[in-house]
There are 2 protein chains.
Amino acid sequence: MKLLEEKIRAEGKAVNEHILKVDSFINHQVDAFFMMQIGEAFAGHFRDKGITKVVTIESSGIAPAVMTALALNVPLIILKKQSSKILNDDLYQTAVTSFTKGCEYELTMSKHFISKEDHVLIIDDFLANGEAATGAIRLLRLANATVAGVGILIEKSFQPGRDKLIEQGVEVFSLARIKRLGKNLIEFLPADSKMTEPRN
Amino acid sequence: MKLLEEKIRAEGKAVNEHILKVDSFINHQVDAFFMMQIGEAFAGHFRDKGITKVVTIESSGIAPAVMTALALNVPLIILKKQSSKILNDDLYQTAVTSFTKGCEYELTMSKHFISKEDHVLIIDDFLANGEAATGAIRLLRLANATVAGVGILIEKSFQPGRDKLIEQGVEVFSLARIKRLGKNLIEFLPADSKMTEPRN
């Protein structure tokens with residue numbers, strides 16, 4: 001998505017080889033109209049795939065995910081990060097390690113809102129090691145739902161997340177793919193979304 | 001907002017005198033189209049108030065807040081709940097106690113995105129004791145911004161939040177006001193939004 005790459009170039013801050021800050025339009029300040037355009041880009045790609053629900057992980061994925069759900073006219077499910085295991089028959093839980101944030105949490109989903117009839121699109125802001133998305137896939141498969149794909153705003157292509165998801169048989173669709181980061185350096189790979197955009 | 005009251009009656013679960021679960025359309029599963037209607041209801045009320053930013057607190061307020069920001073055509077700022085004080089000149093922080101959840105956190109906002117030029121609408125899903133909204137007001141006043149009002153989806157009118165905010169000189173606009181909760185009992189007060197709805 002050309003517009004996202006332009007925003008990253010203009011407003012993103014590469015702190016070092018690992019960290020890209022996009023606080024001014026995605027993570028802290030949110031450009032709502034841009035989120036709507038992002039939702040429409042995901043919906044454009046996944047529209048004919050029979051999606052019944054959009055799933056995201058709190059909290060940075062919520063804004064783009066609710067716009068995607070709106071564009072696809074399906075409900076959104078927000079997976080919760082609990083600090084500890086909850087003994088409750090109504091819940092699915094799975095442990096997730098965040099290497100980026102250096103913490104562990106129990107990803108949690110109610111059994112009431114996802115069933116074997118569901119074909120799910122997972123939306124998240126970043127894909128790095130793929131731990132959060134893999135946790136979401138584990139929960140969805142516990143519910144016997146199927147996964148239509150993972151839609152990502154910014155993929156750190158130098159980290160193993162994408163390969164890890166593809167190995168699990170899941171399509172990854174990233175609006176921007178970062179090849180390399182460095183102090184004040186941001187290099188892109190061609191994004192998955194290129195073909196769905198109008199030609200200039 | 002009649003539609004919200006109807007949804008609460010149909011899908012909300014009053015667990016006891018204090019707890020109302022709205023997991024099926026607001027907090028865990030999210031009805032995206034309904035969130036858009038909620039955003040339009042807030043925008044309809046606050047449209048002529050010169051709002052420059054919408055602010056919410058992660059994570060249940062994000063979906064209605066991003067729709068409000070979209071309808072008002074202004075940016076959204078998501079305040080973060082940090083577990084500890086961060087020593088950083090770029091941040092405002094204030095301690096907030098959640099009586100509902102029995103925990104304390106540092107509400108955190110970057111200095112880069114709010115200034116004395118801003119006139120801010122705060123959006124949140126629930127208003128109970130008003131601690132989170134009061135924390136948001138403290139941060140905004142640290143930044144010398146002004147507060148246009150607080151927009152709430154569900155106000156527990158039997159708790160002191162509303163009065164606490166009004167004492168601080170802040171308008172409260174609630175789409176649904178709960179007078180009393182009990183096991184399988186939900187009683188409403190007339191909502192603030194009544195006058196802005198079309199007559200039947």
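Start by selecting residues 131-142 of chain A, helix α5; at 1.5 Å a residue, its 12 residues should span 16 Å, and its end C-alpha atoms are 16 Å apart, which agrees. The expected span is 1.5 Å times one less than the number of residues. Helices are DSSP runs of H or I with at least four residues, strands are runs of E with at least two, and both are numbered from the N terminus.

This is a predicted model, in which local features need pLDDT of at least 70 and side-chain atom pairs count only at pLDDT 80 or more, while totals for chains, interfaces and linings use all residues. Residues are numbered from 1 along each chain as its sequence is written, chains are lettered from A and ligands numbered from 1 in the order in which they are written, and side-chain values use heavy atoms, with hydrogens and water left out.

Stay on α5(A) and colour its buried residues: Ala132(A), Ala133(A), Thr134(A), Gly135(A), Ala136(A), Ile137(A), Leu139(A) and Leu140(A). Buried means under 20% relative accessible area, exposed over 50%, and partly exposed in between (1.4 Å probe, protein chains only). After the helix comes Asn144(A), with a positive phi near 60°.

Next, select α4 (residues 62-72) of chain A together with α3 (residues 32-46) of chain B. Their axes are 8 Å apart and cross at an angle of about 110°. Axes are lines fitted to C-alpha atoms, for helices over the stretch in contact, and angles run from 0 to 180 degrees between N-to-C directions. α4(A) and α3(B) are therefore roughly perpendicular, a term for angles of 65 to 115 degrees. Show the side chains: Val66(A), Ala69(A) and Leu70(A) meet Ala32(B), Phe33(B) and Met36(B), where contact means heavy atoms within 4.5 Å.

Move to α4 of chain B, residues 62-72. Asn73(B) follows α4(B), and its phi is positive, near 60°.

Now look at the cysteines. The whole structure has 0 disulfides over all chains, a disulfide being a pair of cysteine sulfur atoms within 2.5 Å. From Cys103(A), the nearest cysteine sulfur is that of Cys103(B), 16 Å away. Cys103(A) counts as partly exposed at 34% relative accessibility, and Cys103(B) counts as partly exposed at 35%.

Finish at Gly102(B), in the loop between β6 (91-98) and β7 (103-110) of chain B. Gly102(B) is exposed, with a relative accessible area of 63%.

Technical notes: Parallel < 35°, antiparallel > 145°, perpendicular 65-115°, else oblique.
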